[in-house]
Amino acid sequence: MSNAGKNLRYLRKLRGWTQEEFANKLKIKRSLVGAYEEERAEPRLEVMEVVCNIFKLSLEDLLFKDLAEPQGASYLEKRRQLKMASEVTQISFVPVKAAAGYMTGYADPEFLDELNTFTLPMLAPGQYRAFEIIGDSMLPTPSGSVIVGEKVEDLEEVKNSNTYVVLSKNDGVVYKRIMKNNRLRNKLTLISDNPQYEPYNVSTEDVLEVWKAVYIMQKANTTPRWDVNQLAGMVNNLQEQVSTLKRKLN
């Protein structure tokens with residue numbers, strides 16, 4: 001079997017495209033992109049020709065080379081190739097005032113085009129979005145912080161206890177830690193860092209988007225100060241919640 005499927009996945013991620021965006025450029029269904037990348041099907045010749053045209057590759061290289069590991073290339077040469085092949089990642093910013101509209105426009109290119117964008121040079125290739133959070137449920141991350149998240153394509157990629165921005169039908173945009181329930185595969189438990197807020201479950205069927213938090217941006221000198229009594233109360237509350245969660249998960 002050729003390397004075409006593996007190379008398609010590598011090239012798509014190099015440009016930071018979703019499978020849907022890549023499918024649109026190739027004028028095929030998204031499900032076909034998934035089948036090619038998972039090597040359940042071999043890309044058609046006309047599809048590979050379009051890919052070669054986009055990335056300035058020969059058909060032989062696409063089929064038989066492992067593009068993720070250029071043969072004989074030094075570290076610096078690989079870095080140059082990545083910089084030349086990749087595009088500057090534009091990060092769309094969803095402020096609180098746009099959160100309600102984002103519920104209906106998250107998949108609408110026209111709505112997304114109206115959002116302000118910015119770039120961060122330290123980001124690896126991928127699809128990113130930034131969300132402003134309001135409230136104290138994720139303290140010590142203060143209200144008004146901006147969470148830069150990387151798109152999670154499959155809920156199976158979600159890691160327990162990591163922080164994510166979750167867009168769901170019932171709750172809109174929230175920033176929480178996620179715990180997966182081994183017994184209830186169709187439920188995700190969302191947990192606040194501030195233990196004064198109780199964890200709650202959401203159905204995976206109601207989840208529209210998940211973005212893994214990779215950077216937190218906040219104004220200087222906005223981190224709240226805690227006194228000893230507050231911290232002791234939070235620790236006790238957190239221990240009780242952890243014990244409750246363990247009983248539920250087991």
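A word on the model comes next. It is a predicted model, in which local features need pLDDT of at least 70 and side-chain atom pairs count only at pLDDT 80 or more, while totals for chains, interfaces and linings use all residues. Residues are numbered from 1 along each chain as its sequence is written, and side-chain values use heavy atoms, with hydrogens and water left out.

Back to the strands. Y164 sits opposite K176 of β6, and a hairpin of three residues takes the chain from β5 to β6. β6 also pairs with β7 (residues 187-191), again in the antiparallel sense, over four bridges. In that pairing, M179 has T189 of β7 as its bridge partner, and the hairpin joining β6 to β7 goes through six residues.

Zooming out, the protein has nine helices and nine strands. Of its 250 residues, 37% are buried; buried means under 20% relative accessible area, exposed means over 50%, and partly exposed is in between (1.4 Å probe, protein chains only). Contact means heavy atoms within 4.5 Å. Among contacts between residues at least 6 apart in sequence, 62% join residues at least 24 apart.

Helix α1 (residues 4-15) makes a handy length check. The expected span is 1.5 Å times one less than the number of residues, so the 12 residues of α1 should span 16 Å, which agrees with the 17 Å between its end C-alpha atoms. Buried residues in α1 include L8, L11, L14 and R15. Just after α1, G16 takes a positive phi of about 75°.

What about the inside? A nonpolar core is a set of buried Ala, Val, Leu, Ile, Met, Phe, Trp, Tyr and Cys residues joined through side-chain atoms within 4.5 Å. The largest one has 18 residues, and L11, F22, L26, I28, V51, F55 and L62 touch the most other members. Two or more residues come from each of α1, α2 (19-26), α3 (30-37), α4 (45-55) and α5 (59-64), with α4 giving the most, at five residues. Leaving aside neighbours within four places in sequence, F55 is in contact with L11, R15, W17 and F22. Apart from this core lies another, of 14 residues, among them Y102, M138, I147 and L167.

Helices α2 and α4 pack at an angle of about 100°, their axes 10 Å apart. Angles of 65 to 115 degrees count as roughly perpendicular, under 35 as roughly parallel, over 145 as roughly antiparallel, and the rest as oblique, so α2 is roughly perpendicular to α4. Axes are lines fitted to C-alpha atoms, for helices over the stretch in contact, with angles running from 0 to 180 degrees between N-to-C directions. The contact is made by F22, K25 and L26 of α2 with V47, V50, V51, I54 and F55 of α4.

K27, in the loop between α2 and α3, is not a glycine but has a positive phi of about 60°. The peptide bond from L139 to P140 is cis, with omega near 15°, and P140 is found in the loop between β3 (128-132) and β4 (146-151).

Notes:
Two strands pair if DSSP finds at least two bridges between them.
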